[in-house]
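Okay, thanks for coming, everyone.

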Amino acid sequence: MTDLRALFSSNDPIDASEAFTNRQRQWELVATALAEHLRHTSAGFDPTDLEAPRDHLIVFHGVGGVGKSTLVRKLEAALSGTPPAQWGEQVWGGHTILPVRIDLSRSAGTTFEDVVLTIRAALATAVARPLPAFDIALRRYWEAQHPGDPLDAYLERGGLSRFGKALPQQTQSALSDVAQALLLPGTVGSAVGQVTGALVGALRERRQTVRALAACARLAPLLETEPSLEALSFYPHLLAFELHRLPDDKKITPVILLDTFEDIADRHRDLERLLQRLVWLLPNCFFVISGRSRLQWADPALHGQLDHTGPAAWPGLAATPGPVPSPRRRTPGGRQHLIGDLSPEDCDDHLARRLVKDGRPLISSAIRAVITARSHGLPLHLDLAASRFLEIRRTREPQPADFDHTFPALLARALSDLTADERHVLRSVSLLDAFDVDLATRAAGLTHQAPVRRLTERPIVYENPYALWPYHLHGAIRSALTEADDHTDDRWTPADWHQAATRALAALGDQWVANVSLTPSRMLLVACLRQGLRLARDHRLTGLGWLIDAAYAYTDDSVWEPLTPPTTSASNLGLDTAADALAELLTAIARRQHEHRQGTADRLTAVLDSALLPDELTEMALYYRAKAHKDLSQNDAARAGMQAVADIGGRLAPKARRGLANLARLAGDFPTALAAVPTLGWKGRHHRVLGDIRWSHADTAAAVTAFEAGRAEAEQHGAVGERAMMQVRLALAVSFADPVRADDELALAHQLLDGLDQRSNTLLAQVVALIKDAGTDGVTDRARILHTDIDNAGLPFLHRFVELALAFQHAVRGEEEDLAAVINRLRALTATGDFAYFTDITHFMAGLPLPEPSTTRWTTSEGDVRSAWRGLVQARQEFLRAGN
């Protein structure tokens with residue numbers, strides 16, 4: 001089909017053909033369902049059975065502009081024998097298929113009479129013979145309802161003359177044939193009232209002359225009934241009867257395609273009731289229905305509004321219960337199909353073929369990429385963009401930036417069939433990435449859920465029943481609301497949007513707070529933070545409220561799911577509000593697992609310099625900057641930061657005291673670190689601090705006991721991040737003393753780390769693997785690679801752990817020169833004094849004297865520590881000699 005608007009938009013000879021993007025999946029669904037229908041109607045089928053469930057239809061629904069009408073036109077062509085090239089030919093086992101497409105859109109003005117006449121007129125051409133039972137009833141109806149208006153004239157005015165003049169001739173022929181069979185005078189044969197009266201009498205008396213029509217048990221009652229629109233809606237039963245008794249050489253299966261079904265909607269479902277009755281009474285026809293919404297006929301709640309309702313009547317239309325069904329199994333819900341958006345590849349293909357000049361795509365690949373990204377796969381957006389392309393091209397060469405926006409026409413189409421309440425809800429939920437009914441109701445500021453329920457049934461809302469929040473808006477519609485709402489008649493003011501964002505933020509907080517008091521959910525926490533941070537930041541909301549508590553809950557467990565993407569560099573953050581600062585704070589903390597710690601320190605410094613954070617969050621920025629400084633071996637800055645947080649005495653004071661204890665340990669002041677342990681408690685991770693002190697003394701048993709206690713405490717608190725950290729450290733302590741057990745502990749550590757974003761602990765686990773394998777080949781090469789990974793991560797403190805592992809390797813193997821090189825590297829790495837005790841441990845492992853008195857303060861005598869480390873080396877040597 002040629003796009004005439006596009007053709008007449010340019011002086012150039014542009015090929016503006018309609019570009020149909022392959023809907024192979026939908027064609028396969030129709031072909032499979034139709035083939036099943038043909039098998040059913042060929043095997044003992046009774047079209048007069050009015051109680052059997054109906055499964056002779058298939059429904060395609062989807063958001064406006066997704067390509068439903070185009071699909072219906074292509075289905076009509078395919079069933080007529082001219083399918084799109086992508087679909088190929090289809091053989092129907094000798095059955096004759098008659099496609100009849102009917103446009104139900106308001107603009108077409110199609111009435112129920114038109115639907116009935118269209119079907120019969122199509123059959124008149126295809127069958128080329130009267131269908132007496134139906135034709136006599138139709139003729140009686142027509143003369144009663146349209147006196148003085150000949151049927152052929154009406155068909156001409158209504159555009160049905162494309163089927164020719166066969167229908168009026170066949171109805172007249174049917175009338176004459178019955179009159180002749182009843183031996184009525186010729187003049188009487190032209191009077192439909194007298195003929196039908198005589199026919200009813202003959203049927204009641206079961207005369208032999210009308211034995212063929214007598215097989216239709218309900219013909220007489222229908223002819224006796226006043227010929228009203230209600231009566232007409234039952235006449236399809238007569239049509240089904242006539243189709244069934246056609247001779248074999250005339251057998252035909254009509255496929256009736258009802259397009260734009262949503263436009264028949266009215267308050268009382270009057271037209272829908274008539275159409276449903278038609279579908280029910282024509283079980284030997286096959287129906288393809290397209291519209292914006294699912295067909296609700298299987299909903300028992302419609303009982304009384306429609307004749308046939310519920311899943312027993314329409315098993316294929318019922319919603320699918322329970323788990324996702326197997327695609328190989330027939331299941332309820334199998335005849336309703338959402339027409340999804342086009343894939344990026346299909347979008348590009350559509351645009352490339354939409355406008356062509358000299359055999360080449362007129363729209364460049366760069367512009368096609370922008371349009372595709374903006375469309376979210378919606379064909380209507382692609383067509384609007386193509387029209388926009390031609391409009392711009394009249395005056396200049398279009399550029400990609402010209403298409404980096406949405407179209408008001410798209411939004412107008414989406415809003416056209418929504419009630420005022422539904423439009424209000426739609427705008428409210430456009431602020432949310434996903435929502436449930438309660439969240440949407442509160443975000444809209446409503447006291448009742450009905451408008452939300454109605455909106456979720458619209459095709460512009462997609463549903464994932466397995467998601468935390470099951471509903472989300474179509475991406476193109478959401479973008480249009482954000483960018484083009486100013487062009488609508490009932491548009492919101494900036495104050496309206498601000499109030500809606502405030503309500504949505506409060507509703508998210510209420511959901512999270514309510515959940516925390518029942519069963520805390522990390523998934524809900526992160527989801528609420530992601531939506532809440534964006535709302536607060538994008539709409540410049542001043543009160544952070546629940547976001548402060550949520551931020552602490554997020555950081556408390558050291559599981560670093562991404563929250564918001566960084567929008568700017570650390571040197572130019574563009575922070576204007578407290579929400580901006582909070583979003584950047586949490587982003588910097590989470591992203592430190594993926595970037596150099598210096599970048600983290602710089603970002604946090606910029607956040608602190610903005611002075612936008614409330615006091616409760618300022619200590620968080622100070623604390624995590626101090627941690628970054630520690631990881632960068634900038635321990636003076638780290639101590640200053642930790643001390644500042646401890647002095648504030650806020651929520652992070654216990655962690656800051658732990659940080660100070662760890663810094664004392666790093667400086668070799670073990671008694672000070674040990675003295676702090678009783679003051680730390682769970683929040684200060686006392687078992688972790690104690691375990692780090694014990695393994696440094698080669699006291700494996702005490703270290704393992706501490707780390708096991710820390711792991712158990714983390715499990716009691718549901719702290720999966722802390723549990724993983726404890727397990728890595730437990731594996732570290734065991735790795736020196738028991739390589740067999742270390743295998744198991746390390747495997748568990750990797751299992752617990754899986755899914756957590758803990759980069760430093762993941763790298764430390766690789767160090768543990770080196771220590772576990774000390775004395776075997778390949779350790780040195782693996783250490784070299786690990787040094788590179790540590791550099792890339794910006795975690796220089798871990799270099800000392802790798803060197804300690806190498807010292808253990810060389811001490812076990814007696815490689816004196818290699819050990820000396822390690823000692824020299826460790827001296828350079830610990831020149832600031834932090835981790836200097838690693839150099840002492842290296843000497844102890846090899847049984848070497850210290851070159852000068854040590855500044856390390858151990859919790860026991862230096863001799864005991866020396867003996868313990870040397871004992872671990874000797875035990876490993878014995879282990880290897882035993883052939884392990």
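This is a predicted model: local features need pLDDT of at least 70, side-chain atom pairs count only at pLDDT 80 or more; totals for chains, interfaces and linings use all residues.

Is R597 buried or exposed? Its relative accessibility is 1%, and buried means under 20%, so R597 counts as buried. And what's around it? Skipping neighbours within four places in sequence, R597 is in contact with R592, A628, D631, L632, S760, A793, G794 and L795.

Okay, next, T600. That's in helix α27 too. T600 comes out at 0% relative accessibility, so that one counts as buried as well. If you ignore residues up to four places away in sequence, T600 touches A588, R592, E595 and A628.

Now the helices themselves. Helix α26 covers residues 578–591 and helix α27 covers 597–610. They pack at an angle of about 160 degrees, with the axes 9 Å apart. Over 145 degrees is our cut-off, so α26 and α27 are roughly antiparallel to each other. The crossing, for those who like handedness, is left-handed.

Who's actually meeting whom? From α26 you've got A581, E584, L585, A588 and I589, and from α27 you've got T600, R603, L604, V607 and S610. By class, that contact has six nonpolar, two polar and two charged residues. And there's our T600 again, on the α27 side.

Technical notes
Residues are numbered from 1 along each chain as its sequence is written. Side-chain values use heavy atoms; hydrogens and water are left out. Axes are lines fitted to C-alpha atoms, for helices over the stretch in contact, and angles run from 0 to 180 degrees between N-to-C directions. Helices (H or I, at least four residues) and strands (E, at least two) are DSSP runs, numbered from the N terminus. Angles under 35 degrees count as roughly parallel, over 145 as roughly antiparallel, 65 to 115 as roughly perpendicular and the rest as oblique. A crossing is left-handed if the near helix is turned anticlockwise from the far one by less than a right angle, and right-handed if clockwise. Contact means heavy atoms within 4.5 Å. Ala, Val, Leu, Ile, Met, Phe, Trp, Tyr, Cys and Pro count as nonpolar, Asp, Glu, Lys and Arg as charged, and the others, Gly among them, as polar. Buried means under 20% relative accessible area, exposed over 50%, partly exposed in between (1.4 Å probe, protein chains only).
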